[in-house]
Amino acid sequence: MSTEATKDLCEILLPDSGFLQEEEASYRNKTKTTKHSPALPLYTERDGRNSIQKFVPKKLNEFFETGPFKIKFLEAGHILGAASVYIECDGKTIVFSGDLGRFDDLLMTSPSLCPDVNYVVMESTYGDRIHSNDDPIEVIGEILERLIPQKGVLMIPSFAVGRAQQLMYIMYEIFKKYPHLKVPVFLNSPMATNVTHLFKKHADEHKLSPYMCDEVFGAVHYVQSVEESKQLNESHGPMVIISASGMLTGGRIVHHLKAFAGSANNAILLAVSGPRDSRA
């Protein structure tokens with residue numbers, strides 16, 4: 001069981017994850033850096049695609065039953081499809097939850113309030129943190145004010161799901177509020193590009209209407225190929241590059257860092273979760 005948006009996301013994420021595991025296993029076998037003979041992926045790209053047939057999508061806030069359990073998914077407001085799970089059984093109630101979004105998030109709708117239940121089990125990595133009051137539109141706008149006169153490149157490592165789309169929306173709002181700061185914005189992540197297309201389909205889970213999805217996401221240049229990605233490294237600013245991976249562990253952002261990070265005219269923006277959500 002999953003939400004409808006989670007199923008759509010998994011159609012993108014699971015095959016890609018399987019492909020990466022196959023590549024890692026191949027690399028380990030080639031370099032003989034494995035204790036296994038041979039090293040095998042946990043699952044393959046084909047496994048990821050085939051698993052989608054097993055998904056049973058359910059709507060948010062609607063009860064369904066499985067065995068003795070009465071269940072419904074509650075809006076978590078974190079990313080598309082994210083949900084807390086409310087369960088009734090034998091006269092007891094419990095809610096399971098992972099990451100929750102903010103009530104004042106720029107892009108995503110607010111999480112549902114937790115109903116009165118007997119037990120709550122939830123993720124708590126940032127449970128003791130207080131978010132900054134800094135406005136990311138103003139923070140990033142100030143960075144662009146510094147970079148544009150020196151024709152700088154702003155590189156933003158980003159997660160493909162949720163964070164990339166939020167950053168594109170922030171750029172849209174910056175350019176609307178401060179037209180003199182408008183520069184080309186490039187999204188260089190095939191996965192983030194595919195995920196972005198889902199926002200229009202699931203417009204009820206965020207604050208953008210279908211029309212605004214076209215406005216916001218249509219203003220970005222999508223890098224379609226490896227060749228285009230390489231050409232981007234030969235380009236000159238001012239411009240903004242949003243690219244995976246968000247944790248700088250690989251992906252196309254690494255190549256952009258090699259091309260641009262050596263110059264003081266350019267900047268790297270790490271958009272992190274926690275007490276400072278947008279910080280250069």
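**Ground rules**

I am working from a predicted model, where local features need pLDDT of at least 70, side-chain atom pairs count only at pLDDT 80 or more, and totals for chains, interfaces and linings use all residues. Residues are numbered from 1 along each chain as its sequence is written, and side-chain values use heavy atoms, with hydrogens and water left out.

My helices (H or I, at least four residues) and strands (E, at least two) are DSSP runs, numbered from the N terminus.

**Entry 1: the sheet**

I looked up the strand order and found an open sheet of five strands, S3-S4-S5-S6-S7, with mixed pairing. Two strands pair if DSSP finds at least two bridges between them. S3 (64–66) and S7 (119–122) are the edge strands, each pairing on one side only. From one strand to the next, the twist averages 25°.

Then I went through some neighbours in turn. S3 and S4 (residues 69–75) are antiparallel, with three bridges; Glu65 has Lys70 in S4 as its bridge partner. Two residues sit between the strands of this hairpin, and Gly67 takes a positive phi near 60° there.

S4 and S5 (residues 83–89) also run antiparallel, joined by six bridges. I noted that Lys70 is opposite Glu88 in S5, and that Leu74 is opposite Ser84 in S5.

S5 and S6 (residues 92–97) form an antiparallel pair over five bridges, in which Val85 faces Phe96 in S6. Their hairpin has two residues between the strands, and Asp90 has a positive phi near 55°.

**Entry 2: aromatic pairs**

How many aromatic pairs does a search of the whole structure find? It finds three. Rings of Phe, Tyr and Trp (its six-membered ring) pair if their centres lie within 6.5 Å; planes under 30 degrees apart count as stacked, over 60 as edge-to-face and the rest as tilted.

I wrote down two of the pairs. Phe64 and Phe73 have ring centres 5.5 Å apart and planes at 50°, so this pair is tilted. For burial I used relative accessible area: buried means under 20%, exposed over 50%, partly exposed in between (1.4 Å probe, protein chains only). Phe64 is buried at 8%, and Phe73 is buried at 7%.

Phe199 and Phe217 make an edge-to-face pair, 5.7 Å centre to centre with 75° between the planes. This pair links distant parts of the chain, with Phe199 in helix H5 and Phe217 in helix H6, 18 residues apart. Phe199 is buried at 1% relative accessibility, and Phe217 is buried at 6%.

**Entry 3: H5 and its surroundings**

Phe199 sent me on to H5. Which residues of H5 are buried? They are Ala192, Thr193, Val195, Thr196, Leu198 and Phe199. These buried residues pack against H1 (4–31), H4, strand S9 (185–188), H6 (210–217) and strand S10 (221–222).

Next I checked how H4 (residues 163–177) meets H5 (residues 190–201). Their axes come within 9 Å and cross at roughly 70°. Here axes are lines fitted to C-alpha atoms, for helices over the stretch in contact, and angles run from 0 to 180 degrees between N-to-C directions. Angles under 35 degrees count as roughly parallel, over 145 as roughly antiparallel, 65 to 115 as roughly perpendicular and the rest as oblique. H4 and H5 are therefore roughly perpendicular to each other.

With contact meaning heavy atoms within 4.5 Å, Ala164, Gln165 and Met168 of H4 meet Ala192, Val195, Thr196 and Phe199 of H5. I sorted the residues of this contact into five nonpolar, two polar and no charged. In that sorting, Ala, Val, Leu, Ile, Met, Phe, Trp, Tyr, Cys and Pro count as nonpolar, Asp, Glu, Lys and Arg as charged, and the others, Gly among them, as polar.

**Entry 4: Leu42**

Is Leu42 buried or exposed? Leu42 counts as exposed, at 73% relative accessibility. I found Leu42 in the loop between H1 and H2 (45–51). Leu42 and Ser17 lie 25 residues apart in sequence and 10.0 Å apart in space, C-alpha to C-alpha.
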